[in-house]
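Please open the structure in the viewer and follow the stops below in order. Each stop names a selection and then describes what is found there.

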Amino acid sequence: MPMDKNTSVLIVDDYKTMLRIIRNLLKQLDFENVEEATDGTEALAKMRAGNFGLVISDWNMAPMTGLDLLKEVRADARLKSTPFIMITAESKTENVVAAKQAGVSNYIVKPFNAETLREKIEKVMAHA
Amino acid sequence: MPDGIAPVSAGATPEEARIEAAVRAVLGSLSGDMTAMEAALLAELEGLGRTVARAKQEIASLRVDDITLSHIPSATDELDAIVGHTAQATNEILDCCETLEGVATRVGGTEADALAAVVTRIYEACSFQDITGQRIGKVVTALKAIEARVAQVTARFGAVAGAAIAQGAEPPPAADAAAEPETEGRRLAHGPQLPGAGVSQADIDKLLADFD
């Protein structure tokens, strides 16, 4: 199933350079409708105010982490089915298991490559 | 005085004098003759007490204010500067990449594809700034924990740290994590693992597949 390039994507990371890198990689995949947030609290507010078809989030942010954002999203009746990809340097098995149990759609460990990002987006969008 | 118990030296510190007084009190409470072994044991105890007293004085005389007011803040400032400089450099590189993407659009064809491939590799490489920033953040947290622990130990054994704080010095900050609510996400936020310590993307994919 081809990716819908009109999908609104929210990228969440506390490193501005990382937001810029992911935005540019998404642009290469023809995603032009991209918004940014620098932590879970800001992301949740944007999600509740908007209509995003995909969230790509870091884990380690303050005050709200990516995992806590994921739990909030999955507990929200309107947002709970939003595809959610975690892109993080957290690479312990317990992190992956916790994210999966919280309902993550896919999990990418940093540093990552563009092909992995494309592959995971394609996969989660196909199941959306 | 039983054999083996040395008299107080003229230069004994108040702490040493207090220890000797305690030892003398113990000796005074003993009835009957002491055995040679008991006397030797008491002499050992007194020597141990003097060693502990000297160690306490040495710890108390450490220039902990240098550590908490100068060395560690200076080290954390330097590390913050590293993060700032690498972020600035990364942004410059990203500016160049975006310019190259504009050039690729204009030239078209195989040259454009080659440029796009190279730019993608640069984007991937630039994610180092995030990883190094997180690693430096872990070092800063460790330095702050050391700073707090040094101040605690010194304050326990002497008034130096307490005096520094009383003179207007800021007490060492509590660990940042303590200021934030302890959620599962926070508890599991370990930061980047050392090479070989974490699981690979292939392992993660397999793990996720096992859930499905």
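At roughly what angle do the axes of helix H3 and helix H4 of chain A cross? To find out, select residues 66-75 of chain A for H3(A) and residues 93-102 of chain A for H4(A). In this predicted model, the two axes come within 9 Å and cross at roughly 15°. Angles under 35 degrees count as roughly parallel, and H3(A) and H4(A) are therefore roughly parallel to each other. Their crossing is left-handed.

Next, display the side chains of this contact. From H3(A), select Leu67(A), Leu70(A), Lys71(A) and Arg74(A); from H4(A), select Ala98(A), Ala99(A) and Ala102(A). Coloured by class, the residues of the contact of H3(A) with H4(A) comprise five nonpolar and two charged, with no polar residue.

Now turn to the contact between the two chains. Chain A brings 35 residues to the contact, and chain B brings 34. On the side of chain A that touches chain B, at least two residues each come from helix H1 (16-28), H3, H4, strand S5 (106-109) and helix H5 (114-126). Select H1(A) in particular: with seven residues, it gives the most to this side. By class, the side of chain A that touches chain B holds 16 nonpolar, 12 polar and seven charged residues.

Of the 212 residues in chain B, 12% are buried. Among contacts in chain B with a separation of 6 or more, 77% join residues 24 or more positions apart.

Technical notes:
Residues are numbered from 1 along each chain as its sequence is written. Chains are lettered from A and ligands numbered from 1 in the order in which they are written. This is a predicted model: local features need pLDDT of at least 70, side-chain atom pairs count only at pLDDT 80 or more; totals for chains, interfaces and linings use all residues. Axes are lines fitted to C-alpha atoms, for helices over the stretch in contact, and angles run from 0 to 180 degrees between N-to-C directions. Helices (H or I, at least four residues) and strands (E, at least two) are DSSP runs, numbered from the N terminus. Angles under 35 degrees count as roughly parallel, over 145 as roughly antiparallel, 65 to 115 as roughly perpendicular and the rest as oblique. A crossing is left-handed if the near helix is turned anticlockwise from the far one by less than a right angle, and right-handed if clockwise. Two residues are in contact if their C-beta atoms, placed from the backbone, lie within 7 Å. Ala, Val, Leu, Ile, Met, Phe, Trp, Tyr, Cys and Pro count as nonpolar, Asp, Glu, Lys and Arg as charged, and the others, Gly among them, as polar. A residue is buried if 20 or more other C-beta atoms lie within 10 Å of its own, exposed if 12 or fewer, and partly exposed in between; C-beta atoms are placed from the backbone.
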